[in-house]
Amino acid sequence: MRRVAVIGVGVTKFGKHDRTSSELFAEAAADALADAGIPASAVQALYYGNVVGGETEHQLHTGPQAASILGLPGIPTTRFETACASSHAAFRHAVMEIAAGVSDVVLAGGAERVLNVPTAESTEYFAYASDAVWEQTLGLTFPGVFALIARAHMDKYGTTEEQMAAVAVKNHKHGTKNPKAQFQKEITVEQVLKSAYVADPLKLYDCCPFTDGGAAVVLASEEVARKHRKPIWVLASAAASDWMLMGDKRDLSRVPATERAAAAAYRQAGLSPQDVDVVELHDCFTIAEIVATEGLGLFEPGAGGLAAEKGWTSVGGKIPVNPSGGLKAKGHPIGATGAAQIAEIVTQLRGEAGPRQVEGAKTGLTHTLGGNTATVLVSLFGRG
């Protein structure tokens, strides 16, 4: 297997846009190509994540559309749908194509547009990533899914609403230093605790926002990457799944798919959690960040809430988590989220993150969770 590197990244501003998801991806892709210093004609394949384009834009078959807007109608394109992990899955398959020697330069990423429909509709469309027969018919949406996870974690480990609020406060503070973030305003623990309940114990400020946006990364073989100013090497990329139905999950305080994907990624890279300097993980809800830090091995089971409360996951802390602001402050454009996380880690490892830079970061990790914890991808990156 050949070594693979990221040589270019691009991310749009997250928030409400009046352009299509394909146009948003094209903006991010153009920035990624410019960052890589290569023409679009050098791209040999496109792997693209998009989830609800059929519902919000009446547009399926979005891979060729995205390639066409880029002026690349002749390259092979594949659209990925693994719920929120779609563009991370696209990235992983792009890595495998280059590692296998099929292509030397591949573009991966994704985009989503959801703010053009009412919140009730977008909430329903998000819920399509749960079981249609046994769960959607009962009215279970993702705030409800993660409320169940939160309650299980609280019951088992004593995690508190204040600790979950600390995650929101930290990520909003990080978001103020990211010009691409949807929310760039600090909040307090008191504001989180006083915000309206969405699904007990989760409140409004425990939940990430619906967002429009696009993100793209350019991947290259070692021969091509060596010519680039600052290649960031893909050390590992792993995926895992779990039971789809919530009722089939054995312990809602854990996400086994995260544990399996993380173990596989560490094994591929020959690294351990202690080797990681900076993390971008899936904080669709504050409890999701707490559970993910435990599943990734950053903290012992039950210690994730304490870590947030003590500031260990802040920039400047023991292991900075979501310096971009995470989904909570940066926003969550479903099909673009995984690629945006990768773009942030690449920027961090290059030392180009400005006021949110994690000093001395050499190894980074991205974690993207899909749907009701049934899909997880974990990738590791390094400077050398």
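Predicted model: local features only at pLDDT ≥ 70, side-chain atom pairs only at ≥ 80, totals over all residues.
1. Residues are numbered from 1 along each chain as its sequence is written, and side-chain values use heavy atoms, without hydrogens or water.

2. The sheet is open and has 9 strands, in the order β3-β2-β4-β7-β1-β8-β11-β10-β9, with mixed pairing. Strands (E, at least two residues) and helices (H or I, at least four) are DSSP runs, numbered from the N terminus. Two strands pair if DSSP finds at least two bridges between them. β3 (77–80) and β9 (278–280) stand at the edges with a single partner strand each, so one side of each lacks a neighbour in the sheet.

3. Strands β1 (residues 4–11) and β7 (residues 213–221) run antiparallel, joined by 7 bridges. Gly8 has Val218 in β7 as its bridge partner.

4. Helix α14 (residues 337–350) packs on the sheet. The strands it touches include β1, β7 and β10 (363–370). Contact means heavy atoms within 4.5 Å. Helix α3 (residues 62–69) also packs on the sheet, touching β2 (45–49) and β3.

5. Pro179 sits in the loop between α7 (161–175) and α8 (189–194). Pro179 is exposed, at 56% relative accessible area. Exposed means over 50%, buried under 20%, partly exposed in between (1.4 Å probe, protein chains only). Leaving aside neighbours within four places in sequence, Pro179 contacts Lys13, Gln184 and Arg356. Ser324 is 145 residues from Pro179 in sequence, yet 9.3 Å away in space, C-alpha to C-alpha.

Definitions and conventions: Axes fitted to C-alpha atoms, helices over the stretch in contact; angles between N-to-C directions.
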